[in-house]
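Here is my note on the model, point by point. Please read it with the coordinates open.

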Amino acid sequence: MMQLGHLNTHQVHQVARFYAAAAAASQGRQVEVVGARTRLLVDGRTVQVLSWRQAGSPWQANVNAPTVDGAHAVIFVDLTGDAPDYFVAPASWVEHDVRTHHAAWLASVGGTRPRNPTSDHTAIPVERIQRWQRRWDVLANEQSD
């Protein structure tokens, strides 16, 4: 297992971003690390990177803005194993998936978050993005759903 316990959240995001950049570059993509800690420019398009370091705990997204502005894709980086793993999903799919699942969850609990009604975060478990595992082709596609 990767030893990340000594890192704060910001540092874990940076580790994930650089792993994602290296992995995309190894797939023949032109990669540039830019802007905030969750962004890359891959072949001239914005790609968001989300990190996951604790097994049993899902990725988190903001339900009101599941992806960064102008994102073409989202690379979910799984740092829970001996080596990172990647799930590369189209940003449009992530936006739809997050909003659809969050709305269904809210409906199932009566329309209001039971413990923290003002929270704007929502979970993205690995089971929902499994179909995007190592789908580096998403980075090359104009539209991928």
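1. Terms for exposure come first. Buried means under 20% relative accessible area, exposed means over 50%, and partly exposed lies in between (1.4 Å probe, protein chains only). Ala25 is partly exposed, at a relative accessible area of 39%.

2. The model is predicted: local features need pLDDT of at least 70, side-chain atom pairs count only at pLDDT 80 or more, and totals for chains, interfaces and linings use all residues. Residues are numbered from 1 along each chain as its sequence is written, and side-chain values use heavy atoms, with hydrogens and water left out.

3. Ala25 sits in helix α1 (residues 9–26). Helices (H or I, at least four residues) and strands (E, at least two) are DSSP runs, numbered from the N terminus. Ala25 and Asp43 are 18 residues apart in sequence, and their C-alpha atoms are 9.8 Å apart.

4. How many salt bridges are there? The count is 5, where a salt bridge is a side-chain nitrogen of Lys or Arg within 4 Å of a carboxyl oxygen of Asp or Glu.

5. Asp43 pairs with Arg29 in a salt bridge, 2.9 Å from N to O. This pair links distant parts of the chain: Asp43 is in the loop between β2 (39–42) and β3 (45–52), and Arg29 is in the loop between α1 and β1 (31–33), 14 residues apart. Asp43 is partly exposed at 31%. Arg29 is partly exposed at 23%.

6. Arg99 and Glu95 form a salt bridge, with the closest N and O atoms 2.5 Å apart. They are 4 residues apart in helix α2 (residues 91–108), so about one helical turn separates them.
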